[in-house]
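Please examine the sequence and the structure shown below.

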Amino acid sequence: AAMAIASVRRANWTYEDLYEQNFTWTIIDGRVYAIGSFVPRHPGGALIKRAIGEDATELFHTHHTSQYACEVLSRFDIGALRRGDVGCDGGRRPGCRRLFQETLN
């Protein structure tokens with residue numbers, strides 16, 4: 001069953017909060033998105049898996065230039081990353097993402 005986005009929406013998230021969750025998320029432009037239900041339907045295929053458990057701002061904007069892509073993304077918005085939170089070195093530290101992905105398996 002698909003997770004209800006509203007059930008996990010909150011005003012602010014930290015990386016610590018996110019790494020404790022059991023849903024698939026990404027961060028783009030300081031917003032947190034629960035993208036699990038969209039991953040298998042992503043028109044760009046498996047590339048979206050690189051965004052899981054990471055700040056994917058650069059990845060998203062590199063591959064998406066249309067307003068439509070932003071509108072689709074907005075459907076999965078569950079709140080903001082707390083300003084200044086850079087847990088796990090902003091998601092870039094090797095092993096941080098792997099640790100999160102292991103919790104999904």
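## Terms and basis

A residue is called buried when its relative accessible area is under 20%, exposed when the value is over 50%, and partly exposed in between (1.4 Å probe, protein chains only). The model is predicted: local features need pLDDT of at least 70 and side-chain atom pairs count only at pLDDT 80 or more, while totals for chains, interfaces and linings use all residues. Residues are numbered from 1 along each chain as its sequence is written, and side-chain values use heavy atoms, with hydrogens and water left out.

## The sheet

Helices (H or I, at least four residues) and strands (E, at least two) are DSSP runs, numbered from the N terminus. Two strands pair if DSSP finds at least two bridges between them. An open sheet is formed by 4 strands in the order β1-β4-β3-β2, with mixed pairing. Because β1 (12-13) and β2 each have a single partner strand, they stand at the edges, and one side of each is left without a neighbour in the sheet.

The pairing of β1 with β4 is parallel and runs over 2 bridges. The loop between β2 and β3 contains D29. This residue is not a glycine, yet its phi is positive, near 50°. D29 is partly exposed, at 49% relative accessibility.

## Salt bridges

A salt bridge is a side-chain nitrogen of Lys or Arg within 4 Å of a carboxyl oxygen of Asp or Glu. The whole structure holds 2 salt bridges. One joins R31 and D77, whose closest N and O atoms are 2.9 Å apart. Since R31 lies in strand β3 (residues 31-34) and D77 in strand β4 (residues 77-81), the pair ties together parts that are 46 residues apart in sequence. R31 is partly exposed, at 32%, whereas D77 is buried, at 17%.

R10 and D17 also form a salt bridge through their side chains, at 3.4 Å from N to O. Here R10 is partly exposed, with a relative accessible area of 35%, and D17 is buried, with 19%.

## Aromatic pairs

Rings of Phe, Tyr and Trp (its six-membered ring) pair if their centres lie within 6.5 Å; planes under 30 degrees apart count as stacked, over 60 as edge-to-face and the rest as tilted. The whole structure has 5 aromatic pairs. One of them is the edge-to-face pair of W13 and F23, with 6.0 Å between centres and 80° between planes. This pair links distant parts of the chain, 10 residues apart: W13 is in strand β1, and F23 is in the loop between α1 (15-19) and β2. Both W13 and F23 are buried.

Y19 and W25 have ring centres 5.3 Å apart and planes at 80°, so this pair is edge-to-face. Y19 is buried at 16% relative accessibility, and W25 is buried at 0%. Together with Y15, these two residues form one aromatic cluster.

## The largest pocket

On a 1 Å grid over the protein atoms alone, a pocket is an open set of points where a 1.4 Å probe fits, with protein on both sides within 12 Å along at least five of seven lines; lining residues have an atom within 4 Å of a point. The largest pocket holds about 350 Å³ of space. It is lined by 20 residues, and the closest to its centre are F38, H42, I48, F60 and H64. α3 gives the most to this lining, with 4 residues.

Note on methods: Grid points are joined across faces, edges and corners, and a volume is the space filled by probe spheres set on the points.
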